[in-house]
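Subject: Structure handover

Hello,

Here is the structure you will be taking over. Please open it alongside this note, which goes through what was found.

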Amino acid sequence: MEHDGPAGGADKRALRRELLGARSGLTAAGVREAGRELAERALELPELAAGRTVAAYVSVGGEPSTLPLLEALRARGVRVLLPALLPDNDLDWGAYTGPDSLEQIRHSGKMALFEPSGPRLGPDAVTGADVVLLPGLAVDARGMRLGRGGGSYDRVLARLERAGARPLLVVLLYDTEVVPRVPAEAHDRPVHAVVTPSGVRRFPVT
């Protein structure tokens with residue numbers, strides 16, 4: 001796996017600060033509108049439109065709103081799984097059955113997250129998903145994703161690999177967050193596609 005060596009971590013932190021700063025300038029209306037456009041574009045992916053189980057997430061802060069997509073998937077009869085953060089930063093999963101199935105949880109030292117209020121299905125539940133939607137801050141032409149740095153989704157991707165699961169991996173971003181190159185380290189794994197408000201781009205990931 002190609003990577004940028006020991007400097008990759010510092011480069012990631014600098015790029016995260018830049019991208020989070022840009023998101024902090026977005027209006028609530030802009031975030032909502034991006035979410036509506038993302039939902040339309042995402043369903044252009046045949047794997048997502050025909051998926052039986054999709055692992056997704058509830059957007060927070062300046063992330064493009066995912067609620068329109070969650071509702072569109074639920075309306076199609078798709079089983080939607082949402083993450084619940086564990087104390088070690090790993091993710092458990094629960095079912096999304098509508099906005100009333102969410103509860104706001106404030107984890108120590110972290111922003112409040114919206115998590116499923118129903119029964120927990122275990123960290124391995126994600127291995128049964130046909131599509132996994134990933135949060136991120138940027139993606140590059142190789143499909144390398146820049147996350148927030150907590151490592152939760154690195155664990156998810158490693159779990160999928162260990163299980164031999166091969167869901168479609170999709171990151172949801174703004175158009176400006178598709179960049180020429182993201183600093184990458186040896187443990188990073190590429191995604192298969194990015195969805196932005198203007199469309200879908202696939203990557204040549206084997």
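**Helix α4 and what follows**

Helices here are DSSP runs of H or I with at least four residues, strands are DSSP runs of E with at least two, and both are numbered from the N terminus.

Before going on, note that this is a predicted model: local features need pLDDT of at least 70, side-chain atom pairs count only at pLDDT 80 or more, and totals for chains, interfaces and linings use all residues. Residues are numbered from 1 along each chain as its sequence is written, and side-chain values use heavy atoms, with hydrogens and water left out.

Back to α4, which spans residues 67-75. Its residues L69, L70 and L73 are buried. Buried means under 20% relative accessible area, exposed means over 50%, and partly exposed lies in between (1.4 Å probe, protein chains only). Seen down the axis of α4, the buried residues fall within an arc of 100°, so they line one face of the helix. That arc is taken from the directions from the helix axis to the C-beta atoms.

**Cores**

A nonpolar core is a set of buried Ala, Val, Leu, Ile, Met, Phe, Trp, Tyr and Cys residues joined through side-chain atoms within 4.5 Å. The largest one has 47 residues. Those with the most contacts inside it are L48, L69, W93, L133 and V170. Strand β9 gives the largest share of this core, five residues.

Which residues does L133 contact, leaving aside its neighbours within four places in sequence? They are V54, A55, A56, Y57, L69, Y153, V170 and L172. Contact means heavy atoms within 4.5 Å.

Another core, of seven residues, lies apart from the largest one. L137, A138, L146 and V179 are among its members. In soluble globular proteins, nonpolar side chains tend to be buried together.

Two strands pair if DSSP finds at least two bridges between them. Strand β9 (residues 168-172) pairs with β10 in the parallel sense, over three bridges. L172 has V195 of β10 as its bridge partner.

On to β11, residues 199-202. β10 and β11 pair in the antiparallel sense, over four bridges. They form a hairpin with two residues between them. V194 has R201 of β11 as its bridge partner.

β10 itself covers residues 193-196. A193 and V195 point one way, V194 and T196 the other, and all are buried.

**Salt bridges**

A salt bridge is a side-chain nitrogen of Lys or Arg within 4 Å of a carboxyl oxygen of Asp or Glu. The count by this rule is 14.

R202 and E47 form one, at 2.7 Å from N to O. This pair links distant parts of the chain: R202 is in β11 and E47 in helix α3 (residues 46-49), 155 residues apart. R202 is partly exposed, at 43% relative accessible area. E47 is also partly exposed, at 30%.

D124 and R159 form another, with the closest N and O atoms 3.2 Å apart. D124 lies in the loop between β5 (112-116) and β6 (131-134) and R159 in helix α5 (residues 152-163), so the pair ties together parts 35 residues apart in sequence. R159 is buried, with a relative accessible area of 10%.

E40, R41 and E44 are linked in a network of salt bridges.

Best wishes
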